[in-house]
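Biologist: I would like to learn how to read features in a protein model. Could you walk me through some, please?
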Amino acid sequence: MPVWWRWYYWANPVAWTLYGLVTSQFGDIQDHIEFNGRSTTVEDFLRNYFGFKHDFLGVVAAVLIGFAVTFALIFAIAIKMLNFQRR
C-alpha cells in the first residue's frame, strides 16, 4: 500500500472490522502451521504477516463502537436539519 494511502486504511471501518474478526477468531491460536517452508504458530503468522496483534483487540472494539456512534449521530443530525418537504 502506498504511504500516502495509509490514512485511509486507519479511517476505514471495514479494515477495523476485518482486524477485529480475524484477531478475535485466530489471534490466540498456538497451533503450528507451515508457511513458505517455515513452521510458525497461527498467532505469530498473524502478527508477522498481517501485523494483527491480539492485545490490540480492545482498541479495535472501542474504535468500532466509535464509528457506530459517529454514524448514528451524523444520521440523527442530518434527519433533523435536512427537510425536503418545504414548499
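Biologist: Let's begin with aromatic pairs. How many aromatic pairs does a search of the whole structure find?

Modeller: A pair of aromatic rings is described by the distance of the centres and the angle of the planes. In this predicted model, searching the whole structure gives 15 aromatic pairs. Take F35 and Y49: their ring centres are 5.2 Å apart and their planes stand at 75°, so this pair is edge-to-face. The pair links distant parts of the chain, with F35 in strand 1 (residues 32–35) and Y49 in helix 3 (residues 42–50), 14 residues apart.

Biologist: Is Y49 buried or exposed?

Modeller: Y49 has a relative accessible area of 52%, so this residue counts as exposed, because the exposed class lies over 50%. F35 has a relative accessibility of 30%, so F35 is partly exposed.

Biologist: Which kind of aromatic pair do F45 and Y49 form?

Modeller: F45 and Y49 are stacked, with 5.1 Å from centre to centre and 10° between the planes. They are 4 residues apart in helix 3, so about one helical turn separates them. F45 is buried, because its relative accessible area is 17% and buried means under 20%.

Biologist: Which residues form one aromatic cluster?

Modeller: The cluster is made up of Y9, W10, W16, Y19, F35, F45, Y49, F50, F52 and F56.

Biologist: Let's step back to the chain. What pattern does the chain follow along the sequence?

Modeller: The chain has 4 helices and 2 strands, and their pattern along the sequence is α-α-β-β-α-α.

Biologist: What radius of gyration does the chain have, and what would a compact globule of 87 residues have?

Modeller: The chain has 19 Å, whereas a compact globule of 87 residues would be near 12 Å. Along its principal axes, the C-alpha trace spans about 70 × 25 × 15 Å. As for burial, 18% of the 87 residues count as buried.

How values were computed. Residues are numbered from 1 along each chain as its sequence is written. This is a predicted model: local features need pLDDT of at least 70, side-chain atom pairs count only at pLDDT 80 or more; totals for chains, interfaces and linings use all residues. Side-chain values use heavy atoms; hydrogens and water are left out. Rings of Phe, Tyr and Trp (its six-membered ring) pair if their centres lie within 6.5 Å; planes under 30 degrees apart count as stacked, over 60 as edge-to-face and the rest as tilted. Buried means under 20% relative accessible area, exposed over 50%, partly exposed in between (1.4 Å probe, protein chains only). The radius of gyration is taken over C-alpha atoms; the globule rule is 2.2 Å times the number of residues to the power 0.38.
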